[in-house]
Amino acid sequence: MLERLDQTLNRMVLLIQILDFRHPHQKARCVLNLWRQLLISVTERNSVRADLS
């Protein structure tokens with residue numbers, strides 16, 4: 001449960017950084033990082049290996 005909360009908070013920080021107009025050069029990096037985190041999460045959730053453990 002704490003791990004899920006940590007993931008949610010990290011994603012919220014990334015979303016805030018994406019919306020921060022003071023640092024537009026960081027926006028693309030934050031978008032890619034958030035996208036990567038979401039893809040990993042979905043992959044792990046749908047993994048056959050995760051179901052076996």
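I shall take the helices first, then a surface patch, and then a charged pair.

This is a predicted model, in which local features need pLDDT of at least 70 and side-chain atom pairs count only at pLDDT 80 or more, while totals for chains, interfaces and linings use all residues. Residues are numbered from 1 along each chain as its sequence is written, and side-chain values use heavy atoms, with hydrogens and water left out.

Let me turn to the helices. Helices here are DSSP runs of H or I with at least four residues, numbered from the N terminus. Two packed helices are described by the angle between their axes and the distance between the axes. Helix H1 covers residues 2–19, and helix H2 covers residues 27–45. H1 and H2 pack at an angle of about 155°, and their axes are 9 Å apart. H1 is therefore roughly antiparallel to H2, a label for angles over 145 degrees. The axes are lines fitted to C-alpha atoms over the stretch in contact, and angles run from 0 to 180 degrees between N-to-C directions. The crossing of H1 and H2 is left-handed, meaning that the near helix is turned anticlockwise from the far one by less than a right angle.

Asn-33 lies in H2 and is partly exposed at 27% relative accessibility, that is, between the buried limit of under 20% and the exposed limit of over 50%, with a 1.4 Å probe and protein chains only. Gln-7, in H1, is partly exposed at 28%.

Which residues form the nonpolar patch on the surface? They are Leu-2, Leu-5, Leu-9 and Met-12, together having about 420 Å² of accessible area. Such a patch joins nonpolar side chains within 5 Å, from residues with over 30% relative accessible area and no salt bridge; the areas come from the Shrake-Rupley method with a 1.4 Å probe. Met-12 belongs to H1 and is partly exposed at 44%.

Finally, the charged pair. Arg-22 makes a salt bridge with Asp-20, and their closest N and O atoms are 3.0 Å apart. Arg-22 is exposed at 66% relative accessible area, whereas Asp-20 is buried at 19%.

Notes
Patch = residues over 30% accessible without salt bridge, like charges linked within 9 Å, V, L, I, M, F, W, Y side chains within 5 Å. Salt bridge = Lys/Arg side-chain N within 4 Å of Asp/Glu carboxyl O. Helix = DSSP H or I, 4+ residues; strand = E, 2+ residues; numbered from the N terminus. Parallel < 35°, antiparallel > 145°, perpendicular 65-115°, else oblique.
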